[in-house]
Structure formats: C-alpha cells, structure tokens
Amino acid sequence: MNFSIITHNFYFLMQGLGITLKVAFISIMLSMLFGTILGVIRFSKIFILSRIVGLFIDITRSIPLILYIIFIHFSISPYLYGHADFLRYIGIDCLEMYSAIVAIVAFTSAYIAEIIRSGLQSIEKEQIMAAKALSLNSYQIIKYIVLPQAITRMKPALCAQIITLVKDTSLASAIGLIELTRATEIVYETSLHEFELLLFVALVYITLNFLIQRILHMQEKMLNT
Amino acid sequence: MYNLDFSILLTDYKIILDGIYTTIFVSIVASVLAFSLGTFFVYFRISPNLLVKKFTNFIVNCIRNVPLLIIIYLFYKGFPSLGIILPAITCGILALGIYTAAYISDALLSGINAVPQEHSQASNALGLTRLQSFLYVVYPQALRHCIYILGSTFMNLIKNSSLVSFIAVTDIFYVVYKGIADSYRIYEYFILAIVVYCSLTGFVLLMTNILQKIYKIPSAEARA
C-alpha cells in the first residue's frame, strides 16, 4: 500500500472530477427538460406522437447506455468535426464530451419520461373531476391538484435516477473523454498502484453521491415545510 | 445515402453467436450470484442487532454509489497488485454479481416490508428461530411481493453485463464494438445489438409477467 501516488497526481484526478461534474450537471439539466417533455407527450393521448415517443422510450430502456454512447460517437459526432469552435463557444470542450452528453441525455430522458408519466398517471381521475366540479380551470387543476401530488410521488425515483446518471458518466471513458475514471486509468497505467487508486476513486464517487443525496433530501425537506 | 447491407453480419455469424452465448452465460451466472448475495445482505439488513444492520446498510449504500466500471476494474486490475489473479470472465461475473446484489437486497427489503409484521411475530411465538422464520415464513412471501422489481433488476443486470467487455470478455457488445471499428458498418451492428438486447430483456419481461400471474398474492391487490 502506497498512497503517495494519489497525492502526486491529485491535481490531474481532480481535473477529471471537474469534467465528470460538468458532464453530470449539463446532462441532469437537459435530461430533466427533455424527459419532462417526452413524459408529457407520452401521457397525453396524441395518437401518433405518443406512439413514436413510446417506441423510443421502450427501445432506449432496453439497451445499455454504453451502446448508445458508442453509436452517437461513431454516427453523429463525425459530422461535427469542423465545428469545434461552435462547441467551445457553448461550453463543451471536445467532441467526446459532446457525444457523451448527447448519449446520456437521450438515455436518461427516456427513464425520466417514464417516471413522469407514471407520476402523472398515479393521480386519480376522481380528483380532477372533483376539481372541475369546483370550477377550477385547467391551469389551476394542474398547478394546485396534479403537480403537487405528482412531484411528491416522483421525487424518490428522480433522485435515484440522478445518482444513476452521475455513475453513468464513468462510461464516457469508453470513448476517451478524460473524466474521473479515465484519468485514473491514465495514472495507474504508468504506475503499479492500481488497487490504491481504484479504492480512492471509489471513495470519491461514494462521497459525491452521498453529498448529492444529502442535497436532494435537504431540498425535499424545504419543499415539504 | 447510407444503404444497409446485412451480409457483413452473415460473414462472421459464428463470432456473433459466440458473443450472444457469452452474454447469456455471464448474465445467468451473475444473476444467480447476485440473488444469493442479495438474500444474504437482506437477512442482515433486517437483523435486530443495530450494529449489524447499520453496517450492512452502509455496505449496500457504498456498493450502490460506485459505478460498476470501477468495481470491475477493482477486481480485474486492482486485485492482481494484491496478489490475487482471476480470469477476466470471473472478475466480470463477480463484480456484476456484487453490484446487482445491492439492488436485489433493496428490492427484497421492500418485499419484506410488505409482509405484515404479525407473521414473523407469530412464527416467533411458534418457536421458530429467526433464521427459520426468515426462510420459511417471511422470505417466500416477500419474493411473491416483489416479482416485478426483481424482474427489472435482472433486466438491468443484462444491460450492465455489456460492461464486462471493458476487460476483454468477448460478449455481444465487444463483438459489436469490434465490428464497428473494423468495418465501420455502424447501423447494421447497432441494429443487431438492439435486437439482441431487446429480445433478452423482452424474454425476462415475459417470464416476469408469467411468474407474476402464477405467484402473485391475491390479497395484496385487495389491500392496495
């Protein structure tokens, strides 16, 4: 056991952690947005649109994320080789990061869409009818009756999905994005201290996810009061 | 315009079949391991001893918060530096099993919570030990409560089994990745992978539905 390898490469590893956090943050924001849109479309009974979204959700939910990342990286990203300046302008450093974010967002928004749909479906029809009988308009029904209950029911699943997303960013190492996992690989490929490094990285991920859980719980408490 | 040409899949169908076989093999062995380990975990998570309970909860939480890739690397690249050298497929199965065991113990815990408390109290009154009451009274009922959650956990396991390709186990994802890298026929291989994974998870879904029909507790729906 020799932990000096970690202190020597600490800055490099923390740079990797920074990339992980950046990818995770952008992906969480975007997949919340797209997931909500898809979930509402799936919930609404617009015939053909709902079917198409349903097909997309079902297929995405039954294939592994790593396949998605590889597919996006090989099929869509090559068209963007000439536009690195534009990507840098919107805050994305490299093409790998773009592929990873697109794949993770497409993948996670399918899961979030399903969570949102089931949350909306769990509100009983009688409540909406009762609200209508009390002559609330549809905006008021959504704001005061449906959303508060649906959000409370969806929250645990959404928290779990966010934690899963943070863990999933480690798969971006497959296409060479230097985030925490890839940074660790680079360090231990040149040293003989794999075990210590991997233990350290596992601890970093555990701490990160515990912190995220804490923040989400705090926010939950604030909403409840 | 890209035109699909599936003849590339026919030329190396043997490798593809081999990959599918490896995926199924890894999934089945890992799920057996995960199931037994998950049962083991959940037995300690409902222990009356607070220290054991807290400790097991902590372990399960830790496993759930680490990416599977890190666990796989820990087995494949970390352990050799301690002097333990295992073949790649064993590492993959062990890591996958331990990772999924945490999720399965969660699913089983929710099932156990759905079993009324009186059952274990009654079995205590009849003089069963804690292990006996767990094995013969609570656990079989808990299984029947959480068939769907277990099914989705197993589907996740099948999807996660693609990560063993990172340590050079030639499963279907490895074959697809290598095929794309060799021939750059992205769409054919991607469609192949979708078909394989969809049929595998679809099979599990079908089995779950059948099991749910046979084994669901009739009173559970009335109570809910």
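User: Why is B:A168 called exposed?

Analyst: Welcome! This is a predicted model, and B:A168 has 11 other C-beta atoms within 10 Å. A residue counts as exposed at 12 or fewer, so B:A168, with its 11, is exposed.

User: Where along chain B does B:A168 lie?

Analyst: B:A168 sits in the loop that links helix 8 (147-160) to helix 9 (172-183) of chain B. Its backbone also has a positive phi of about 65°, although B:A168 is not a glycine.

User: What makes B:Y184 count as exposed or buried?

Analyst: The neighbour count decides here too. B:Y184 has 9 C-beta neighbours inside 10 Å; the limit for an exposed residue is 12 or fewer, so B:Y184 is exposed. This tyrosine belongs to the loop between helix 9 and helix 10 (186-215) of chain B, and B:Y184 has a positive phi of about 55° without being a glycine.

User: How do you know which kinds of secondary structure chain B has?

Analyst: Chain B has 11 helices and zero strands. Along the sequence, that reads α-α-α-α-α-α-α-α-α-α-α. The C-alpha atoms of chain B fill a box of roughly 70 × 50 × 25 Å along the principal axes, and 40% of its 224 residues count as buried.

User: Which share of the contacts in chain B joins residues 24 or more positions apart?

Analyst: Among contacts with a separation of 6 or more, such pairs make up 77% in chain B.

User: What makes up the contact between the chains?

Analyst: Chain A brings 27 residues and chain B brings 26 residues. On the chain A side, helix 4 (65-75), helix 8 (138-168), helix 9 (180-189) and helix 10 (194-224) each give at least two residues. Helix 10 of chain A gives the most, with nine residues. By type, the side of chain A that touches chain B has 19 nonpolar, six polar and two charged residues.

User: Which residues touch the most other members of the largest nonpolar core?

Analyst: They are A:I69, B:I72 and B:A193, in a core of 114 residues. Helix 6 (residues 95-121) of chain A supplies the largest share of this core, 16 residues. In soluble globular proteins, nonpolar side chains tend to be buried together.

User: Which residues is A:I69 in contact with, leaving aside neighbours within four places in sequence?

Analyst: A:I69 is in contact with A:S99, A:A100, A:A103, A:L171, A:A172, A:A174 and A:I175. To count as a contact, two C-beta atoms must lie within 7 Å, so each of these residues has its C-beta atom within 7 Å of that of A:I69.

Terms used: Residues numbered from 1 in each chain as written. Chains lettered and ligands numbered in written order. Predicted model: local features only at pLDDT ≥ 70, side-chain atom pairs only at ≥ 80, totals over all residues. Helix = DSSP H or I, 4+ residues; strand = E, 2+ residues; numbered from the N terminus. Buried ≥ 20, exposed ≤ 12 C-beta atoms within 10 Å, placed from the backbone. Nonpolar A, V, L, I, M, F, W, Y, C, P; charged D, E, K, R; others polar. Core = buried A, V, L, I, M, F, W, Y, C linked by C-beta atoms within 7 Å.
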